[in-house]
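Visitor: I would like to learn how to read a model like this one. Please show me the general idea, then the case at hand.

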Amino acid sequence: MRNLVEKLYRLLISVAHWLRSPFLLLVRLYWGWQYFVAGKGKLENLPKTTEFFESLHIPAPHLQAIIASSIECFGGLLLLVGFASRVVSIPLMAVMTVAYLTADLERVQGIFSDPDKFVASDEFLFLFAATIIFIFGPGLFSVDGLIGKYFRRDGDGSTAR
């Protein structure tokens, strides 16, 4: 019986491992596109974005609007193709954290008293997607995956081609 449970568990782990890259590809494609569209929309409506940032009392609202919108737009494109995914996920997480703390502070403060509102926020979903890519990487089906495959390391630490 123990061998059967062990074999089933190993099978479960193998299937989950096989699904990792397709899952990460779907996350990157969907959320990379969402980031791109959101950032592009903000850049195309920069006066409105600046006005919104002013209403949130964000310092240097015009400059911050340009920076945040550019990070979302171009970071989304990088996520989409899976290039520098872990690196670009850091500023994306930062932008979403600031958005959460400024535009949706009430939901953040209610994280324990009303968690449904907290996780239903757009900022949460964007932040969660960027965090998944930061922690697990972009997967094999990405530019990063191709680069990693090309520059595999040998056991002694030297780069193999």
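Visitor: Let us begin with S142. Is S142 buried or exposed?

Guide: This is a predicted model, so read every value as computed from it. S142 has a relative accessibility of 6%. The cut-off for buried is under 20%, so S142 counts as buried.

Visitor: Where is S142 found?

Guide: S142 lies in the loop between α7 and α8, the latter spanning 143–150.

Visitor: Which residues does S142 touch?

Guide: Leave out residues up to four places away in sequence, and S142 touches R28, V81 and G82.

Visitor: What is D104 in contact with?

Guide: Setting aside neighbours within four places in sequence, D104 contacts A99, S121 and E123. For a C-alpha distance, take D104 and F23: 81 residues apart along the chain, separated by 29 Å.

Visitor: Next, helix packing. What describes two packed helices?

Guide: Two values do: the angle between the axes and the distance between the axes.

Visitor: What are those values for α1 and α7?

Guide: Helix α1 covers residues 2–44 and helix α7 covers residues 122–136. They pack at about 135°, and their axes are 10 Å apart. That angle makes α1 oblique to α7. The crossing of α1 past α7 is left-handed.

Visitor: Which residues make the contact?

Guide: From α1 come F23, L24, V27, R28, W31, Q34 and Y35. From α7 come L125, F126, L127, A129, A130, I132, I133 and F136. By class, the residues of this contact are 13 nonpolar, one polar and one charged.

Visitor: Take V27 from that list. Is V27 buried or exposed?

Guide: V27 sits in helix α1. With a relative accessible area of 9%, V27 is buried.

Visitor: What does V27 touch?

Guide: Residues up to four places away in sequence are not counted; V27 then touches G32, A129 and I133. V27 and A129 are 102 residues apart in sequence, yet 6.7 Å apart in space, C-alpha to C-alpha.

Visitor: How does α4 pack against α7?

Guide: Helix α4 (residues 85–103) and α7 pack at about 155°, with axes 8 Å apart. Angles over 145 degrees count as roughly antiparallel, so α4 is roughly antiparallel to α7. Their crossing is left-handed.

Visitor: Which residues meet there?

Guide: On the α4 side they include I90, L92, M93, M96 and Y100. On the α7 side they include F126, L127, A130, I133 and F134. The contact of α4 with α7 divides into 15 nonpolar, four polar and two charged residues.

Visitor: What about P91? Where is P91 found?

Guide: P91 is in helix α4. P91 is partly exposed, with a relative accessible area of 30%. The C-alpha atoms of P91 and G75 are 8.2 Å apart, and the two residues are 16 apart along the chain.

Visitor: Last topic, aromatic rings. What describes a pair of rings?

Guide: Two values again: the distance of the centres and the angle of the planes.

Visitor: How many aromatic pairs does the whole structure hold?

Guide: The search finds nine aromatic pairs. One of them joins Y30 and W31, with 5.0 Å between centres and 85° between planes. That pair is edge-to-face.

Visitor: What are the values for W31 and F126?

Guide: Their ring centres are 4.9 Å apart and their planes stand at 75°. Angles over 60 degrees count as edge-to-face, so this pair is edge-to-face. The pair links distant parts of the chain: W31 is in helix α1, F126 is in helix α7, and 95 residues separate them. F126 counts as buried, at 14% relative accessibility.

Visitor: Which residues do ring pairs link into a cluster?

Guide: Y30, W31, Y35 and F126. Of these, W31, Y35 and F126 also belong to the contact of α1 with α7.

Note on methods:
Residues numbered from 1 in each chain as written. Predicted model: local features only at pLDDT ≥ 70, side-chain atom pairs only at ≥ 80, totals over all residues. Heavy atoms only, no water. Axes fitted to C-alpha atoms, helices over the stretch in contact; angles between N-to-C directions. Helix = DSSP H or I, 4+ residues; strand = E, 2+ residues; numbered from the N terminus. Parallel < 35°, antiparallel > 145°, perpendicular 65-115°, else oblique. Left-handed = near helix turned anticlockwise from the far one by under 90°. Contact = heavy atoms within 4.5 Å. Nonpolar A, V, L, I, M, F, W, Y, C, P; charged D, E, K, R; others polar. Phe/Tyr/Trp six-rings, centres within 6.5 Å; stacked < 30°, edge-to-face > 60°. Buried < 20%, exposed > 50% of the residue type's maximum accessible area, 1.4 Å probe, protein only.
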